[in-house]
Amino acid sequence: MGNNAHFEPPRGMRDFYPEAVAARNALFDAWTQSSRLFGFSQYDACVVESLELLKRKRGDEIVEQIYAFKDKSNRDLALRPEMTPTLARLIAARQGQLAFPLKWFAIAQCFRYERMSRGRKREHYQWNLDVVGETALAAEVEVLACAAHALRELGLGSGDYKIHINSRALLADLLTHSGVAPAFHPATFLALDKRGKQEDADTLRALKAAALDDNAIAAVFRIMGLQSLEEVRQLFGGEQPALTALQTLFQLLAEYGLGDIAWFDIGIVRGLDYYTGIVFEAFDAERQFRAIFGGGRYDNLLSDLGGAPMTAVGLGFGDVVIAELLAEKGRLVAQQTKLDYAIGYMDDSQRSAALRLAQAIRRTGQSVDVALHAEKPKQFFARAGKGAFQKAIYVGPDDVARGTVRIKNLDERTEEERSLTELLG
Ligand code: HAM
């Protein structure tokens, strides 16, 4: 590159100019407020993790997408693609001291080398809500209700999105019941997770690659055609524990006022291999976008990462899809708040008065942008009048001599004269 090199962020990475940070903060505020209202405590952790922690099983798509590198001491490190292994690491390290069940949340920047598409970047912020150490289905309801609350705060209700719910335990039982042995389940789940995004022929190819025979593949497609819990019951020929759990979950969700948002959807499998129980994803009602959030119950991650066995349930809710959805609905939350005051002055002999005034106003908790150099009134008011300030004070030689300043209210176009000594307190 020559001297005129023009740099852009690496593909898939984002810059945040002030308006974008304002929009992002509004989203983070909705996430944080909802977490607090539901009693979740915030945690955080390092973005760089050891590659070993994140790798888990081969074949898991997220492992293929990891940004990995070696540090100068040849350690294998990586940028986290998700927060859940890190959460498990934190909990395993203090499992003896922590009080369970615990409810934790985080807003974590995550990195995945993904094929870019609408709603998918190579870096995103993800709100994580997890309940650790609670077997009751109330834990699932809690994280779902908290996410629904945040969506309502952002202006989205039951007409705008649906939470699609399934159970990996149910899927496993259906597969076994239909003659597909448990050894084939993990590969089958991974093949099925991509089903919504690809042709049936591709799913067929993936199932064949997972060594399923023709009968097993036919069974898988039959199961994927199930439309309701009643059809599931008929296939089993009666009640069954994973089915009962799902029915109970829907009852609990209805009691929480979420009955009209939650649907049974046999097609929800999830792409991460650690889920063992209930799994869910939220989609916009028209299904134009990828998942708004996704999660479920995972029973073995803590023990897989060196902790004592402990169940957990949680979800991840990214900043990209929700921003696109809100923009489409015209409910963008971006709002830059105005500063309280702009203060300008005519020449350097008024600078000290202007600066003291700025300090006094800031001590009252109001924001002030004070001029960085002397300027003519015309320039100052042109600058201050562009909409970024509520009030403006211009200090000239006469004002200092008289000991007063005029405070212009820029919105109301009114003016008030105040004593400098009084303002300076
Ligand atoms: P996930 O489904 O891989 O789950 O991601 C959760 C959410 O993060 C997605 O629904 C989406 O909003 C957002 N997301 C993921 N990848 C991208 C991307 N490349 N660009 C933009 N947004 C993205 C997990 O990560 C689990 N760890 C969630 C979890 C927490 N399960 C239990 N606890």
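This is a predicted model: local features need pLDDT of at least 70, side-chain atom pairs count only at pLDDT 80 or more; totals for chains, interfaces and linings use all residues.

The residues in question are T84, L87, A88, I91, V132, Y298, L302 and A312. Which helix gives the most to that lining? It's α4, spanning residues 84–93, with four residues. The volume of the largest cavity comes out at about 40 Å³, and the count of cavities of 30 Å³ or more is one. Rolling a probe the size of a water molecule over the atoms is what shows where empty space is left.

On the α6 side, L170, D173, L174 and H177 make the contact, meeting V232, L235 and F236 of α10. Sorted by class, that contact has five nonpolar residues, one polar and one charged.

Last stop, the sheet. Three strands run in the order β2-β4-β3, with antiparallel pairing, and the sheet is open. At the edges sit β2 (48–50) and β3 (67–70), each pairing on one side only. From one strand to the next, the twist averages 35 degrees. Strands of a sheet pair through backbone hydrogen bonds, either parallel or antiparallel. Here, β3 and β4 (residues 76–79) are joined by four bridges in the antiparallel sense. To get your bearings, find Y67, which stands opposite L79 in β4.

Technical notes: Residues are numbered from 1 along each chain as its sequence is written. Side-chain values use heavy atoms; hydrogens and water are left out. Two strands pair if DSSP finds at least two bridges between them. Helices (H or I, at least four residues) and strands (E, at least two) are DSSP runs, numbered from the N terminus. Axes are lines fitted to C-alpha atoms, for helices over the stretch in contact, and angles run from 0 to 180 degrees between N-to-C directions. Contact means heavy atoms within 4.5 Å. Ala, Val, Leu, Ile, Met, Phe, Trp, Tyr, Cys and Pro count as nonpolar, Asp, Glu, Lys and Arg as charged, and the others, Gly among them, as polar. On a 1 Å grid over the protein atoms alone, a cavity is a set of points where a 1.4 Å probe fits but cannot get out, and a pocket is an open set with protein on both sides within 12 Å along at least five of seven lines; lining residues have an atom within 4 Å of a point. Grid points are joined across faces, edges and corners, and a volume is the space filled by probe spheres set on the points.
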